Amino acid sequence: MNVAARAANNAIAVNGIRKSYGFGARAVLALDDLTLHIPRGQVYGLLGPNGAGKSTLLRIIAGLVRPDRGHIEILGEPAAPASRRRLGMLIEAPGFYPFLTAREHLEMLARMADTPLPVDAVLKRTGILHAADKKVSGFSLGMKQRLGIGCALVGQPEAIVLDEPTNGLDPDGILEMRALIRELAERDGITVLLSSHLLDEVERVCRRIAILRRGALAAEGDVAELLGRNGRFWLNVDGAEAVSKKLGARAEPANGGLYIAVKQADVPELIASLVAAGIRIHEAKWVKPDLETVFLSETRENRS
Ligand SMILES: Nc1ncnc2c1ncn2[C@@H]1O[C@H](COP(=O)(O)OP(=O)(O)OP(=O)(O)O)[C@@H](O)[C@H]1O
């Protein structure tokens with residue numbers, strides 16, 4: 001794929017973005033020459049510990065913060081007011097007019113959009129049709145969050161950026177919101193870039209993720225591939241101690257068996273050699289970690 005085709009294939013491209021806050025000795029480097037490409041039509045997750053730079057990145061994409069250097073492309077065009085109109089955003093706790101209704105908020109935004117969706121369709125989609133004509137002052141946090149997503153959707157965006165979209169939702173609300181987010185990508189082809197602290201949520205909802213650590217990329221890739229890459233081979237054998245001695249540093253006793261550092265391609269040979277040495281194997285399997293394990297190993301502070 002040539003450079004132009006690849007650029008057009010990205011919903012959002014983050015190219016060498018650097019951003020620091022403050023000056024001199026007090027300056028804080030929030031993003032450190034970050035480059036990231038978010039493909040179209042998927043749910044893409046942005047993860048990182050507190051202070052890793054997630055909000056700064058989302059705010060730069062939204063045009064709320066100016067980077068020191070680097071540039072952003074949105075749907076193949078340089079980030080500018082025109083290209084940002086093709087993005088829907090729910091970035092900071094959405095500010096609503098307390099005495100306007102949900103419908104009135106959406107109608108106001110629909111009037112400003114080039115190709116708005118029907119307001120009733122948005123209310124239905126976000127699960128607040130029943131409260132359409134109630135004043136927002138009486139809304140719970142979860143209803144406000146839904147209305148915030150509705151506001152991001154009403155302009156019929158090609159991509160949306162959501163900062164912690166399930167914040168404040170109850171367990172049922174979280175499930176519904178996850179389903180909505182997946183549907184936006186799978187049914188409507190909308191790219192979703194979301195940040196979240198909830199790793200199991202990201203594991204379930206996102207196809208691809210980036211893990212930020214101190215403003216730089218600690219890991220990036222397909223969720224399935226990242227989990228697979230961090231998988232470990234586990235053996236339950238008779239005489240684990242003797243096997244551990246035989247394999248040396250490659251073996252690590254755990255859970256009544258042994259984790260073995262081995263490439264997938266070398267597993268048949270490993271098993272054959274153990275069997276040839278008279279070792280009885282009861283169970284052999286690849287154990288895939290959950291995203292939390294990958295996240296912790298990629299962001300642990302004692303790593304270089
Ligand atoms: N307006 C600001 N002025 C000064 N420093 C800031 C400002 N905004 C962010 N920072 C600093 O920049 C770094 C990155 O912050 P940012 O909020 O982007 O991280 P984050 O990953 O979103 O964190 P969290 O998960 O806590 O929201 C942090 O060290 C933070 O203290």
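Strand 3 and strand 8 (residues 191-195) pair in the parallel sense over four bridges. Strands here are DSSP runs of E with at least two residues, helices are runs of H or I with at least four, and both are numbered from the N terminus. Two strands count as paired if DSSP finds at least two bridges between them. The model is predicted: local features need pLDDT of at least 70, side-chain atom pairs count only at pLDDT 80 or more, and totals for chains, interfaces and linings use all residues. Residues are numbered from 1 along each chain as its sequence is written.

**Strand 3**
- Gly 45 stands opposite Leu 194 in strand 8.
- Strand 3 also runs parallel to strand 9 (residues 208-213), joined by four bridges. There, Tyr 44 faces Arg 208.
- Five of the five residues of strand 3 (residues 43-47) are buried, so the rest of the structure largely encloses it. Buried means that 20 or more other C-beta atoms, placed from the backbone, lie within 10 Å of a residue's own; exposed means 12 or fewer, and partly exposed lies in between.
- Val 43, Gly 45 and Leu 47 cover one side, with Tyr 44 and Leu 46 on the other.

- An open sheet has the order 2-1-4-5, with antiparallel pairing.
- Strand 2 (28-39) and strand 5 (77-78) are at the edges with a single partner each, so one side of each has no neighbour in the sheet.
- Strands 4 and 5 are joined by two bridges. Glu 73 stands opposite Pro 78 in strand 5.

**Arg 66**
- Arg 66 sits in the loop between helix 2 (54-62) and strand 4 (69-74).
- Arg 66 is exposed, with 8 other C-beta atoms within 10 Å.
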